[in-house]
Amino acid sequence: LPACRDSKLCIKDLHFDEVPVRIYLPRAPSASKQRGVIFFHGGCGIFGSIRSYERVCQYIARKSDSVVVSVGYRLSPEHNYPAQTLDCLTATVHFLKTAENFGVDPDRIIVCGDSAGGTFTARVCQELVDRQDIPKIRAQVLIYPLLQALNFNLPSHQKNAFTAFLSQEHTVRFILKYLKKDCSMKEAVLAGSHVPESMNLKYKKWINPDLIPERFKLGYKPPLPALFLPHVHEETKELFETRFSPLLAEDAVVCHVPDTCMITCEHDVLRDDGLLYKKRLEDNNVKVTWHHIEGGFH
């Protein structure tokens, strides 16, 4: 349902370097420059829009007394991956450069996103770590993000395999649809047949059920080793790019990302992606605030 326009907010539709955005500005005058929030909506890069997240963005702007920029990135399948991440990156850079035009302190801007929007948030922050020509992002907020596509048999995948809305199977199906791949590969990817043993060994230090706290592993059963299928690996190589799986970024990048707020939910197949990235951030001395929603769903 479309949100009613909030009398406390001034809402503008603009374009940041051709990327559509909707800006929510508090009407009440501020004695100093305001905080800024860049928001990337969820929907696996296929669903969602500025309009469908209007209530959320109004709420954030009103409750945090911040200027919120909701980014209307292009969607798949009409626009090929990685157009979605690139649009988010373009809009972020534009806002960091022009924040003062909107009364925003460029040193007090955070980036926020849920689900796939959390993926884009993580990756945008990684891609900007070496940029010296723009202000640094103050913090990132990752709301149950998808952060890796190597292992779909982590404890949270098993526990929530048949949870409503985002099941284990639906997760992989949406990913393949997003990348415009043949969905007949779904079972092979679910089993892990798209990952060669050398890659499993390389990333075991970051993607491993042993890194998940014990209280989240009740009932977990390690899966049997999957038969590697080279043709499936070749067809799904995008899954191993850091632009798709930010959890695979090297420590030299991860150690420079901004302060992080990580939100995970109990009944969510993606819970462990958040837990694994939280550990990586902490291991790299990045300040992390973690909120786990018991009884929460994706």
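Over residues 37-182, what percentage of the chain is helix and what percentage is strand? In this predicted model, the chain over residues 37-182 is 38% helix and 18% strand, with the end C-alpha atoms 37 Å apart. Over residues 239-298 the chain is 28% helix and 32% strand, and the end C-alpha atoms lie 21 Å apart. An unreviewed UniProt entry places the feature "domain: Alpha/beta hydrolase fold-3" at residues 37-182 and 239-298.

Helix α1 covers residues 54-64, and within it E54, C57, Q58 and A61 are buried. Seen down the axis of α1, these buried residues fall within an arc of 100 degrees, so they line one face of the helix. What covers them includes the strands β1 (9-16), β2 (19-26), β3 (34-40) and β4 (66-71). After α1 comes D65, which has a positive phi, near 50 degrees.

The largest nonpolar core has 50 residues, and V71, F95 and F244 are those with the most contacts inside it. At least two residues of this core are supplied by each of several elements, among them β5 (104-114), α3 (116-127) and α5 (168-178), while the largest share, six residues, comes from α2. Because domain 1 (9-148 + 243-297) and domain 2 (155-240) both give residues to this core, it lies between them.

Leaving aside residues up to four places away in sequence, F95 touches F16, G36, I38, V67, V69, F102, V104 and I109. A second, separate core of 26 residues includes V195, W206, L247 and L275.

Methods:
Residues numbered from 1 in each chain as written. Predicted model: local features only at pLDDT ≥ 70, side-chain atom pairs only at ≥ 80, totals over all residues. Heavy atoms only, no water. UniProt positions renumbered as here; feature names shortened; annotations may be inferred. Helix = DSSP H or I, 4+ residues; strand = E, 2+ residues; numbered from the N terminus. Buried < 20%, exposed > 50% of the residue type's maximum accessible area, 1.4 Å probe, protein only. Arc of directions from axis to C-beta. Contact = heavy atoms within 4.5 Å. Core = buried A, V, L, I, M, F, W, Y, C linked by side-chain atoms within 4.5 Å. Domains from an automatic or database assignment.
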